[in-house]
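Hi everyone, thanks for making time. Let me put the model up on the screen, and then we can walk through it together.

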Amino acid sequence: MEANAYLLFDGDCAEAFKFYESVMDAKIEGMFPYAGSPAAEQAPPDFGEKIMHATLSIGNTKLMASDAPPGQYKKPEGISVALGLNDTAKGEQIFNALSENGHVIMPFQQTFWAAGFGMCVDRFGIPWMVNCEAPH
């Protein structure tokens with residue numbers, strides 16, 4: 001069994017996943033638009049290029065997502081996608097990319113538990129925590 005986060009976007013899932021792929025050295029395993037799928041008939045006419053389902057591999061984990069159906073998108077609240085790294089410089093680089101054109105909640109900095117930690121909401125509205133373990 002495994003548990004994975006599933007994100008809903010307001011029409012910009014493809015753009016977000018391509019951005020995450022480049023920033024995190026991740027890999028898009030699949031990205032399926034409504035057009036050409038069995039769900040195409042149920043989708044609004046202008047929704048064909050929107051994403052019905054996407055999977056992104058980040059290290060040993062997967063992040064899944066889609067574009068929310070029209071009128072059903074809600075801004076994420078009460079959750080964050082947490083990234084854990086051992087490389088503080090790489091963690092800060094990822095944090096800076098995620099927070100660009102977004103909103104910093106807590107600047108990336110050393111804490112009592114981490115060599116580097118920061119919280120932000122990216123330009124796509126997704127909350128993130130970037131945590132770099134302190135050496136033990």
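Let's start at Leu83. Setting aside neighbours within four places in sequence, Leu83 is in contact with Met24, Ile58, Ile94, Leu98, Trp128, Met129, Val130 and Asn131, where contact means heavy atoms within 4.5 Å.

A quick word on the ground rules. This is a predicted model, so local features need pLDDT of at least 70 and side-chain atom pairs count only at pLDDT 80 or more, while totals for chains, interfaces and linings use all residues. Residues are numbered from 1 along each chain as its sequence is written, and side-chain values use heavy atoms, with hydrogens and water left out.

Back to Leu83, which belongs to the largest nonpolar core, a set of 31 residues. By nonpolar core I mean buried Ala, Val, Leu, Ile, Met, Phe, Trp, Tyr and Cys residues joined through side-chain atoms within 4.5 Å; buried is under 20% relative accessible area, exposed is over 50%, and partly exposed is in between, using a 1.4 Å probe and protein chains only. Phe9, Phe17, Tyr20, Met24, Leu83, Leu98 and Trp128 touch the most other members. Which elements each supply at least two residues of this core? They are β1, α1, β3, β4, β5 (81-85), α2 and β8 (127-133), and the largest share, 6 residues, comes from α1. Helices (H or I, at least four residues) and strands (E, at least two) are DSSP runs, numbered from the N terminus.

Now for strand β4. Of its 7 residues, 5 are buried, so β4 is largely enclosed by the rest of the structure. Strand β1 (residues 5-9) runs parallel to β4, with 5 bridges, and Phe9 stands opposite Asp67. On strand β3 (residues 51-58), the pairing with β4 is antiparallel, again over 5 bridges, and Leu56 faces Leu63. Pairing here requires that DSSP finds at least two bridges between the strands.

Within β4 (residues 61-67) sits Ser66. Is Ser66 buried or exposed? Its relative accessibility is 6%, so Ser66 counts as buried.

Last stop: the whole structure holds 1 salt bridge, meaning a side-chain nitrogen of Lys or Arg within 4 Å of a carboxyl oxygen of Asp or Glu. The partners are Lys90 and Asp25, with the closest N and O atoms 3.0 Å apart. Lys90 lies in helix α2 (residues 88-99) and Asp25 in the loop between α1 (13-23) and β2 (27-33), so the pair ties together parts 65 residues apart in sequence.
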